[in-house]
Amino acid sequence: MQLSMKEHKFTIRDKFTVQDATGNDKYQVVGELLSAAKTLHIKDMNGNEVASIQEKIISFKPKFYLVINGERVGEIVKDMSLFKPKYHISGLDWNIKGDISEHKYSISSDKKMIVTVKKKRFALTGTYVFDIEDESNEIPALAAVLAINYIVSNS
């Protein structure tokens with residue numbers, strides 16, 4: 001299944017729209033306006049929160065928690081590296097490979113591919129395309145990509 005995520009420009013808080021392969025809106029992502037820790041809420045088109053990512057403020061390395069249905073299911077951590085950034089997702093046992101700073105990477109488990117991500121070039125707004133292998137990973141994959149995007153954009 002394929003999703004695309006478009007960043008809204010000229011807003012006072014982070015905001016994204018996620019669409020399915022046919023161009024229909026599927027999720028809205030909205031950041032909190034005045035919060036010490038960065039939090040992004042992923043909501044379905046009825047306004048129900050399906051997941052969130054929450055920054056861990058007191059940490060030596062950038063970290064985000066993935067929260068789905070009120071339960072913390074994973075943590076994205078930026079590892080120290082001399083040459084290019086490395087990330088891992090604990091809790092889900094997912095590995096991230098590729099060029100994260102260029103927004104061309106994949107997330108996989110030991111057994112299978114979870115999602116491939118690429119940023120569209122020459123788009124007026126930040127537009128990302130995800131190819132998700134298994135529909136059951138749609139929400140955690142979307143949350144992971146949002147957290148990685150935030151870490152890369154603010155590093």
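In this predicted model, strand β3 (residues 25-31) runs antiparallel to strand β4 (residues 39-44), and the two are joined over five bridges. Strand β4 also pairs in the antiparallel sense with strand β5 (residues 49-55), again over five bridges.

**Strand pairing**

- Between β3 and β4, which pair in the antiparallel sense, glutamine 28 has lysine 43 of β4 as its bridge partner.
- On the β5 side, isoleucine 42 is bridged to alanine 51, a residue of β5.
- Strands β4 and β5 form a hairpin in which four residues lie between them, and glycine 47, located in the turn, has a positive phi of about 90°.

**Histidine 41**

- The side chain of histidine 41 makes a polar contact with the side chain of glutamate 49, at 2.6 Å.
- Once residues up to four places away in sequence are set aside, histidine 41 touches Gln28, Val29, Val30, Glu32, Glu49, Ala51 and Ser52; among them, Gln28 is the residue whose bridge partner in β4 is lysine 43, and Ala51 is the bridge partner of isoleucine 42 in β5.

- Because 13 of the 16 residues of α1 are buried, the helix is largely enclosed by the rest of the structure.
- Alanine 144 has its place in helix α1 and is buried, with a relative accessible area of 0%.
- When neighbours within four places in sequence are left aside, alanine 144 is in contact with Leu66, Ile76, Ile89 and Ile107.
- Alanine 144 and glycine 74 are separated by 70 residues in sequence, while their C-alpha atoms are 8.9 Å apart in space.

**Aromatic rings**

- Where the rings of Phe, Tyr and Trp are counted as pairs if their centres lie within 6.5 Å, the count comes to zero aromatic pairs.

Technical notes
Residues numbered from 1 in each chain as written. Predicted model: local features only at pLDDT ≥ 70, side-chain atom pairs only at ≥ 80, totals over all residues. Heavy atoms only, no water. Phe/Tyr/Trp six-rings, centres within 6.5 Å; stacked < 30°, edge-to-face > 60°. Pairing = 2+ DSSP bridges. Buried < 20%, exposed > 50% of the residue type's maximum accessible area, 1.4 Å probe, protein only. Polar contact = N/O pair within 3.5 Å; in protein donor to acceptor, adjacent residues only side chain to side chain. Contact = heavy atoms within 4.5 Å.
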